[in-house]
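Open your viewer and get ready to select residues by number. This tour goes stop by stop.

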Amino acid sequence: MTDQPEQISRASAHAHPNIALVKYWGKADTGRNLPATGSLSLTLGALQTHTTVARGASDTLTVNGDSRPEMAERLFRFLDSAFPDRPALSIDTQNDFPTAAGLASSASGFAAVVCAVDGLLQSGHSEHRLAQLAGGGSGSAARSLYGGIVRLDAPATENDDIRLRPLAEPADWPLEVLVAVIDEGPKAVGSTEGMERTRTTSPYYSGWIDSHARDLDLATDAVGKRDFAALADVTEHSFFKMHAVMMSSQPALLYWLPASVGVVRLVADLRARGVPACCTMDAGPQVKVVTTPDAATELASAITGVAGVQRVIRSGLGNAPVVNLER
Ligand code: PMV
């Protein structure tokens, strides 16, 4: 009798969200969910998605304890293409931070589920392959397969895939991120619909795409030299350009609230006075402030004082996902 490998009965994965300093906004291929541009991100250690998967009688999903049919449909369709021979799955996922409010919960969510399903099915995909699969669910999720500071390159040709490169481990350059939480509600327009609206209607879209490679190279160079001022310059430029193409879409995509402006202005004033800090925002009103550990405490208390800021989440850089298997 030949020994059968013992089946894994349950697999769980922890993954962290990430925030882009050089932003991705726009798809080259909506079918394969391929980005039109590269991006560069920080993996956030203090925020976490924890996903557990097991074989089930039918596909089921709970998110923070609630069943979410609208998320389940997208997730199981994605898993059908990422793991074509998969069995029915029972999936439970917990986020310790607001879901779908521009805090990149889809990034950590797709990264965690891809790692957990790979573990359950013993597919044995490489980290790079798992990143490509996660990117099929949510473009930014590919970056959450790595810790520290991560660069994603867009496909060079239409038959190509994304490429990922970790540029620094968390200990190499211990940056900090302060997330000014302004509104925890779900975003008004999701990123897939928003990106297509921008691509098809903004008169500035081609300028955004054409100027992107330079930003990515400047940021990569700044990371290599641990040059905070240079990284801050390109981070803010990429963030303002992305929101400019969002706002110049028709109808306009305006993710800002008054408190977002308040935090961005405060940080600009502090930075002009020599504080190492810069801002970025995604498809939601939260402002993420990147800084260094020595400046973080004072900066966090200044941001907390801005009218409309509900709380500030502080995070250092995090590691790649961790998977646990139960036999
Ligand atoms: O991964 P998606 O499809 O949610 O898109 C992310 C888009 C931004 O968060 C706005 C920018 C980025 O690069 O993360």
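We start at the ligand and then move to the aromatic rings.

This is a predicted model: local features need pLDDT of at least 70, side-chain atom pairs count only at pLDDT 80 or more, and totals for chains, interfaces and linings use all residues. Residues are numbered from 1 along each chain as its sequence is written, and side-chain values use heavy atoms, with hydrogens and water left out.

**Stop 1: the ligand**

Now show the serine side chains. Ser-140 has a polar side-chain atom 2.6 Å from a ligand oxygen. For Ser-138, an N or O atom of the side chain is 2.8 Å from an oxygen of the ligand. For Ser-191, the distance from a polar side-chain atom to a ligand oxygen is 3.0 Å.

**Stop 2**

Which aromatic pairs does a search of the whole structure find? There are four. Rings pair if their centres lie within 6.5 Å; planes under 30 degrees apart are stacked, over 60 edge-to-face, and the rest tilted.

Select Trp-25 and Tyr-255. Their ring centres are 6.5 Å apart and their planes stand at 80 degrees, so the pair is edge-to-face. Both Trp-25 and Tyr-255 are buried (under 20% relative accessible area, with a 1.4 Å probe and protein chains only; exposed is over 50%, partly exposed in between).

Next, select Phe-78 and Phe-110. Here the centres are 5.0 Å apart and the planes at 85 degrees, so this pair is edge-to-face.

**Stop 3: a cluster**

Finish with Phe-239, Phe-240 and Trp-256, which form one aromatic cluster.

How values were computed: Polar contact = N/O pair within 3.5 Å; in protein donor to acceptor, adjacent residues only side chain to side chain. Phe/Tyr/Trp six-rings, centres within 6.5 Å; stacked < 30°, edge-to-face > 60°.
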